[in-house]
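Here are my notes for your first look at this protein. Keep the structure open while you read them.

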Amino acid sequence: ALLFPSNNKASAAEEVAEWTPFNGLIYNYRGGEFGGLDASTLNEPSVPFQEFGKRLEAGEVAFVEFLAPDGDKAYVTFKPKEGDASAAAPIRIGEGYPIEQHDGWSSPSFVVRAVKNNDVPYKFVVPGLGNNFSN
């Protein structure tokens, strides 16, 4: 019993803490404590990152615009609801959005990948310049 603990003890440990690649001992990742953008620091309307993710998976996202260089700011345009002819205005992706941390695991590149994997058009915009980089 000393070498092979019972399943009861293992399940008790799982109830205490959720195991992820960031807090487990297998990969020993560091810098995963950052929880993303704090929406209270924004001075514009925003949609929580979790809601954006759910709507992205549901096929409700029409377009995403990332601000260069890292994509730390992103604006989403949702598809209009059925029967609504008006186009939705872009809104900032806020609470929980990953901000580039070069010494950690937070990065908007994960969002770019998710948008691309869901076949949603996106572009990177360089603030102040007329040129942009579209996909």
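Which backbone oxygen lies 2.6 Å from a polar atom of the side chain of Ser106?

1. The backbone oxygen of Ile99 does. The model is predicted, so treat that distance as a computed value.

2. Now place Ser106 in the chain. Ser106 sits in a loop.

3. Is Ser106 buried or exposed? Ser106 has a relative accessible area of 10%. Buried means under 20%, so Ser106 counts as buried. Across the protein, buried residues make up 26% of the 135 residues.

4. Next, the overall layout. The protein has three helices and six strands. Read from the N terminus, the order is α-β-α-β-β-β-α-β-β. Trace that order on the model yourself.

5. Look at the contacts too. Take those with a separation of 6 or more: 56% of them join residues 24 or more positions apart.

6. The surface deserves a line. The accessible surface comes to about 9,600 Å². Carbon and sulfur atoms account for 55% of that area.

7. Finally, check the confidence. The average pLDDT is 79, and 70% of the residues score at least 70. Among the elements, strand β1 (residues 46-47) has the highest mean pLDDT, 96. Helix α1 (residues 7-16) has the lowest, 51. Where pLDDT is low, the predicted coordinates should not be read in detail.

How values were computed: Residues are numbered from 1 along each chain as its sequence is written. This is a predicted model: local features need pLDDT of at least 70, side-chain atom pairs count only at pLDDT 80 or more; totals for chains, interfaces and linings use all residues. Side-chain values use heavy atoms; hydrogens and water are left out. Helices (H or I, at least four residues) and strands (E, at least two) are DSSP runs, numbered from the N terminus. Buried means under 20% relative accessible area, exposed over 50%, partly exposed in between (1.4 Å probe, protein chains only). A polar contact is a pair of N or O atoms within 3.5 Å; within protein, one must be able to donate a hydrogen and the other to accept it, and residues adjacent in sequence count only if both atoms are side-chain atoms. Contact means heavy atoms within 4.5 Å. Accessible areas come from the Shrake-Rupley method with a 1.4 Å probe; for residues, only the protein chains shown count as cover. pLDDT is the predictor's confidence in each residue, from 0 to 100.
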